[in-house]
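I opened my notebook to look over one chain. My notes follow in the order I took them.

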Amino acid sequence: MQFLPGHQTPYDLTYDDIFLVPNRTDVASRFDVDLSTVDGSGTTIPIVVANMTAVAGRRMAETVARRGGIVVLPQDLPISAAADTIAFVKSRSLTADTPVTLDPERSVSEAIALMHKRAHGAVVVLEGDKPVGVVTEAACTDVDRFARLHDVMNTDFVSAPADTSPREIFELLEAGRAKFAVLTKNDGTLAGVMTRTGTVRAGIYQPNVDANGRLRIAAAVGINGDVAAKAKALVDAGADLLVLDTAHGHQEKMLEALRTVADLGLGVPLVAGNVVSAQGVRDLAAAGATIIKVGVGPGAMCTTRMMTGVGRPQFSAVAECAAAAKELGVHIWADGGVRHPRDVALALAAGAANVMIGSWFAGTYESPGDLRTDRDGNRYKESFGMASKRAVAARTATDSGFDRARKALFEEGISSSRMRLDPERPGVEDLIDHICSGVRSACTYAGARSLPQFTDKAVLGVQSAAGFAEGRPLPSGW
């Protein structure tokens with residue numbers, strides 16, 4: 001990464017302050033760009049889903065890993081629940097999506113409540129483990145909510161063996177004018193579903209898989225309590241990465257916890273943070289971190305900067321920390337502050353190996369929250385910060401009443417925010433397409449065929465607020 005002559009500044013910069021300059025290139029197509037990362041996370045696209053309760057669940061983890069990213073489970077999740085989620089993700093297909101399933105005697109109201117847990121918007125009806133019908137939202141329109149599914153399900157659905165190639169499934173769906181196909185195993189039991197768009201994605205993305213060919217998943221650990229025991233239990237349960245996570249990562253308690261976990265020799269990459277300085281990177285790397293999370297205060301749900309004045313503009317934080325990490329042979333994740341695909345590209349240009357995304361993904365079908373509708377008919381889900389009253393209440397549920405009351409005085413972050421489902425991109429895969437399209441194009445403009453090349457070749461400039469505004473589209477014209 002280099003700046004245009006005269007574009008170095010005496011102050012720190014955010015993503016909005018930066019632009020990329022096109023280079024002479026021989027990269028003819030965005031599909032010639034390899035988005036795989038080199039930080040040991042296994043990601044084939046540079047996307048990590050943040051360990052936020054409102055974002056990181058089993059549906060999100062399965063879907064994102066299938067497209068090449070990775071999800072970090074929240075640190076507040078009980079070990080038993082984390083183990084169940086890890087086992088679920090590890091058992092999922094590398095190509096087919098896992099649908100919501102119900103038996104024929106369940107009610108229409110139950111189907112309506114569950115069908116939007118998945119982007120394909122349907123319920124597969126099973127007798128035993130064998131699919132006998134599908135129920136969509138259209139089939140439930142103007143139907144008694146207490147009606148049984150066997151009365152409304154469509155039994156004439158597209159079906160195919162699980163080992164059918166994505167291209168063949170696409171052709172079946174085109175011929176049948178269907179939205180998705182139900183895939184079955186050799187014994188006729190359900191294997192999953194695949195949409196037309198899913199068949200295309202299967203040819204573009206490479207799943208993030210472990211040494212045994214199973215989808216990868218990460219888990220977060222706090223720095224309080226028996227950190228070693230929890231870390232070991234998560235790895236024993238199958239977690240592929242451990243993230244030691246606290247808002248202020250450059251503190252003695254973090255360094256102590258990190259050294260303790262590193263000494264266990266668990267055989268997985270250790271991520272720690274958050275920091276915003278080169279010295280923070282050096283200290284965490286010396287304590288055993290192989291990946292360092294960078295970012296204090298840029299997140300949409302975070303009030304740290306307004307409450308404390310603490311933090312640092314994210315682009316400069318990433319650039320400085322990435323330079324320090326490169327000298328030490330470790331890597332960084334840029335955590336927070338991305339609102340557009342360009343921000344992801346700029347974080348990678350600054351030297352990040354992966355980019356962590358939280359609230360942007362909260363408003364998708366795959367996030368754990370319930371889908372709601374406001375008075376104007378807009379669909380949304382609720383998100384909240386992990387230092388907010390809502391998160392702290394869950395984290396301190398076993399504390400005494402006095403201790404809970406004391407901690408409640410020092411909460412930070414937004415406890416409830418409506419994250420609207422974008423009608424054009426309501427699923428997390430839609431957002432992944434959106435982001436990866438922008439990053440691939442940025443690489444072609446820079447003349448890079450890989451992310452390390454992109455970081456090396458990126459030429460950057462500093463712009464005014466008017467320069468940033470000039471680049472925004474105006475759908476309604478001047």
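**Entry 1: a glycine and its contacts**

I began with Gly273. Setting aside neighbours within four places in sequence, I listed what Gly273 is in contact with: Leu244, Asp245, Thr246, Gly249, Met254, Leu284 and Lys293. I noted at once that this is a predicted model.

Where does Gly273 sit? I found Gly273 in strand E13, which covers residues 270-275. Is Gly273 buried or exposed? Its relative accessible area is 0%, and buried means under 20%, so Gly273 is buried.

I then checked a distance. Gly273 and Asp335 are 62 residues apart along the chain. Their C-alpha atoms are separated by 9.4 Å.

Next I looked at the peptide bond from Gly273 to Asn274. This bond is cis, and its omega is near 20°. Asn274 also lies in strand E13.

**Entry 2: the whole chain**

I stepped back to the overall picture. I counted secondary structure: the chain has 19 helices and 20 strands. The C-alpha trace spans about 70 × 60 × 50 Å along its principal axes.

What is the radius of gyration of the chain? I noted 23 Å. A compact globule of 478 residues would have a value near 23 Å, so the two agree.

I also looked up burial. Of the 478 residues in the chain, 50% are buried. Then came contacts between residues at least 6 apart in sequence. Of these, 66% join residues at least 24 apart.

I turned to helix pairs. Two packed helices are described by the angle between their axes and the distance between the axes. I wrote down both values for each pair.

Helix H2 is residues 79-90, and helix H8 is residues 227-236. They pack at an angle of about 25°, with axes 9 Å apart. Angles under 35 degrees count as roughly parallel, so H2 is roughly parallel to H8. Their crossing is right-handed.

Which residues make the contact? From H2 I noted Ile79, Ala82 and Ile86. From H8 I noted Lys230, Ala233 and Leu234. By class, this contact has 5 nonpolar residues, no polar ones and 1 charged.

**Entry 3: H1 and H17**

Helix H1 runs over residues 58-66, and helix H17 over residues 428-446. Their axes come within 10 Å and cross at roughly 35°. H1 passes H17 in a right-handed crossing.

On the H1 side, the contact is made by Met60, Thr63 and Val64. On the H17 side, I found Val428, Glu429 and Ile432. The classes here are 4 nonpolar, 1 polar and 1 charged.

**Entry 4: H10 and H12**

I looked up one further pair. Helix H10 holds residues 278-287, and helix H12 holds residues 314-328. The axes come within 8 Å, and the crossing angle is roughly 35°. This crossing of H10 and H12 is right-handed.

H10 brings Ala278, Val281, Arg282 and Ala285 to the meeting. H12 brings Glu320, Cys321, Ala324, Ala325 and Leu328. I sorted the residues of this contact into 7 nonpolar, no polar and 2 charged.

**Entry 5: positive phi in two loops**

I looked at Asp142 next. Its phi is near 60°, a positive value in a residue other than glycine. Asp142 is in the loop between helix H4 (137-140) and helix H5 (149-152). Its relative accessibility is 78%, and exposed means over 50%, so Asp142 counts as exposed.

Then I checked Arg177. Arg177 is not a glycine, yet its phi is positive, at about 50°. Its loop lies between helix H6 (166-176) and strand E9 (180-184). With 77% relative accessibility, Arg177 counts as exposed.

My last stop was His7. I found His7 in the loop between strand E1 (2-3) and strand E2 (18-21). How accessible is His7? Its relative accessibility is 21%, so His7 counts as partly exposed.

His7 and Leu460 are 453 residues apart along the chain. Their C-alpha atoms are separated by 8.2 Å. Leaving aside neighbours within four places in sequence, I noted that His7 is in contact with Phe19, Gly461 and Val462.

Technical notes
Residues are numbered from 1 along each chain as its sequence is written. This is a predicted model: local features need pLDDT of at least 70, side-chain atom pairs count only at pLDDT 80 or more; totals for chains, interfaces and linings use all residues. Side-chain values use heavy atoms; hydrogens and water are left out. Axes are lines fitted to C-alpha atoms, for helices over the stretch in contact, and angles run from 0 to 180 degrees between N-to-C directions. Helices (H or I, at least four residues) and strands (E, at least two) are DSSP runs, numbered from the N terminus. Angles under 35 degrees count as roughly parallel, over 145 as roughly antiparallel, 65 to 115 as roughly perpendicular and the rest as oblique. A crossing is left-handed if the near helix is turned anticlockwise from the far one by less than a right angle, and right-handed if clockwise. Contact means heavy atoms within 4.5 Å. Ala, Val, Leu, Ile, Met, Phe, Trp, Tyr, Cys and Pro count as nonpolar, Asp, Glu, Lys and Arg as charged, and the others, Gly among them, as polar. The radius of gyration is taken over C-alpha atoms; the globule rule is 2.2 Å times the number of residues to the power 0.38. Buried means under 20% relative accessible area, exposed over 50%, partly exposed in between (1.4 Å probe, protein chains only).
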